[in-house]
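Take a look at the chain shown here.

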Amino acid sequence: MKGISLAIVAAVLFGGSTPFAKALLSSVPPQLLAGMLYFSSGLVLSLWNWHRPRVQAVPSDQRLWLGMAILCGGVLGPVLLLNGLLSTPASTASLLLNLEGVFTALLAWFVFKENFDLRIFLGMICIVAGGLLLSWQGAGGWGGGGLVAAACLCWALDNNFTQKVSAGDPLRIAALKGLSAGAFNLVLAAALGQAHWPGLQTVAAAALIGILAYGVSLAAFVSALRYLGTARTGAYFSMAPFVGASLSLVVFHEPLSSRFVAAAVCMAAGVYLHLTERHEHEHTHEEIEHEHEHVHDEHHQHEHEPGVDPGQPHTHRHRHVRLSHKHPHYPDLHHRHEH
C-alpha cells in the first residue's frame, strides 16, 4: 500500500538522523542546530516547489492547524530533543522516540476521536513499557530522557494538527514548516548567544540531515497521514527509533545492555501488533466536497474535461456522493467515520 511505503520512508529517514544529529552537537549549540536543520529543509523544498507546475495552497480555514503544528513540531520539539541528546545516549534516545507514536495515538483516539481496537491498544502498551525501561536512570531520575519524551509529546501534537491539513500538498506543507520553524529557531539562537556558526563542512552536514530527515521525511509523513490516518501512521513511524538505535550502536560503539535488549523486544512486539492490524466493516460515506491528489477508484467516480486521464494522479476540487460499502480500510481522508 502506498501509505505504508510512505510511512516507512519517513521513518527510515528520520530515524537515521538521530545519531548524526547527536554527533553535530559537539560543535553546534542545540538551538542553532534546530534552526539549521529545519531552515535548510524549508529552503530546498521551497526552491523545488518554485519549479512545480501547480502547488495547492493551504485553505484559509486550515491555517490555524498548520500554525499550531509548526509551533509544536518545528519550534518546541527539536529543541527539547537536541537538549535531551546532550545527556542521553543516542541509542537510548532513538528508542525513546517510540513514545511519539504512543502520544500521537492517544491524542488521536481520545481527543480527535480516531478509531482503534484491542490489538492497537496492546501494541501501545508494549511500546510504553519499552520507553519506561529506557528512560529511567535509577536514583538519578529521568535525566535527558524526560526532555526526549517531552519532544515526543510536542511532535504528537504536531502530527494530529498536521492531519487536519493532510489533504494539502505535502511538499508545500513541509516547506512552510521548515522555513517558519527554522527562521524562528535561528533568531532565538542569536538572542541566546548561540549564533556562532561552525565550519562549512559542518553546515553542509546539517543541511543534508535537515533536507532528508526534516524535509523529505516530513513530506512523506504528511502523505502517509492522508492514506492511513494519524494513529496508524504513527505506528509505522515507530520503526524510526530502531533505525537510529542500530546506527548508534555501530557509529558510537555503544554497549548492548540487557535493558536495551529488553526495551527493544517490547517495542518490536508493539510495532508488530500495529503492522498486523486489519480493520473492515460496513460503513457509509456521507456526501462531501474537497480537493486533493487522487486517481479514479471506488471512491472517486466523477466526470472530467477532455484530456484528463483519470488513471493518473491529478488534483482538483471534486464531490463525493453518499456511498455505503464494506472493505478493509484505514481512517484516511475518506474513512474518518464513527464506529
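How many aromatic pairs does the count come to? The count comes to nine aromatic pairs. Rings of Phe, Tyr and Trp (its six-membered ring) pair if their centres lie within 6.5 Å; planes under 30 degrees apart count as stacked, over 60 as edge-to-face and the rest as tilted.

## Ground rules

This is a predicted model, in which local features need pLDDT of at least 70, side-chain atom pairs count only at pLDDT 80 or more, and totals for chains, interfaces and linings use all residues. Residues are numbered from 1 along each chain as its sequence is written, and side-chain values use heavy atoms, with hydrogens and water left out.

## The chain overall

The chain has 13 helices and four strands. Helices (H or I, at least four residues) and strands (E, at least two) are DSSP runs, numbered from the N terminus. Of the 339 residues in the chain, 51% are buried. Buried means under 20% relative accessible area, exposed over 50%, and partly exposed in between (1.4 Å probe, protein chains only).

Contacts reach across the sequence. Take those between residues at least 6 apart: 85% join residues at least 24 apart. Contact means heavy atoms within 4.5 Å.

## Aromatic rings

A pair of aromatic rings is described by the distance of the centres and the angle of the planes. F14 and W155 are one of the pairs: their ring centres are 5.7 Å apart and their planes stand at 80 degrees, so the pair is edge-to-face. This pair links distant parts of the chain, with F14 in helix α1 (residues 2–15) and W155 in helix α8, 141 residues apart. F14 is buried at 6% relative accessible area. W155 is buried too, at 5%.

Y38 sits in helix α3 (residues 30–50) and Y214 in helix α10 (residues 200–228), 176 residues apart. Both Y38 and Y214 are buried. Ring pairs join F14, Y38, W155, Y214, F221 and F237 into a cluster.

## The nonpolar cores

A nonpolar core is a set of buried Ala, Val, Leu, Ile, Met, Phe, Trp, Tyr and Cys residues joined through side-chain atoms within 4.5 Å. The largest one has 47 residues. Those with the most contacts inside it are L33, L81, L82, L97, W155, Y214 and F237. Helices α1, α2 (17–24), α3, α4 (63–85), α5 (90–96), α8, α9 and α10 each supply at least two residues. α10 gives the most, with 10 residues.

Which residues does Y214 touch, not counting those up to four places away in sequence? They are F14, L37, Y38, S41, L81 and I209. A second, separate core has eight residues, including V102, A108, W109 and M124.

## Charges

Side chains of opposite charge can pair when their charged atoms come close. A salt bridge is a side-chain nitrogen of Lys or Arg within 4 Å of a carboxyl oxygen of Asp or Glu. The whole structure has one salt bridge. K177 and D158 form it, at 2.6 Å from N to O. K177 lies in helix α9 (residues 170–191) and D158 in helix α8 (residues 144–163), so the pair ties together parts 19 residues apart in sequence. Are K177 and D158 buried or exposed? Both are buried.

K177 has another neighbour, T162, in contact with it. T162 lies in helix α8 and is buried, at 2% relative accessibility. T162 also touches A69, V222 and L225, not counting residues up to four places away in sequence.

K164 lies over the face of W65, 5.4 Å from the ring centre. A charge sits over a ring if NZ of Lys or CZ of Arg is within 6 Å of the ring centre and within 35 degrees of the ring normal.

## A loop residue

Most residues other than glycine have a negative phi, and most peptide bonds are trans. K113 is not a glycine, yet its phi is positive, about 60 degrees. K113 lies in the loop between α6 (99–110) and α7 (118–135). It is exposed, at 61% relative accessibility.

## Cysteines

The structure holds zero disulfides. A disulfide is a pair of cysteine sulfur atoms within 2.5 Å. For C126, the nearest cysteine sulfur is that of C266, 6.4 Å away. C126 is partly exposed, at 22% relative accessibility. For C152, the nearest cysteine sulfur is that of C154, 9.3 Å away. C152 is buried, at 0% relative accessible area.
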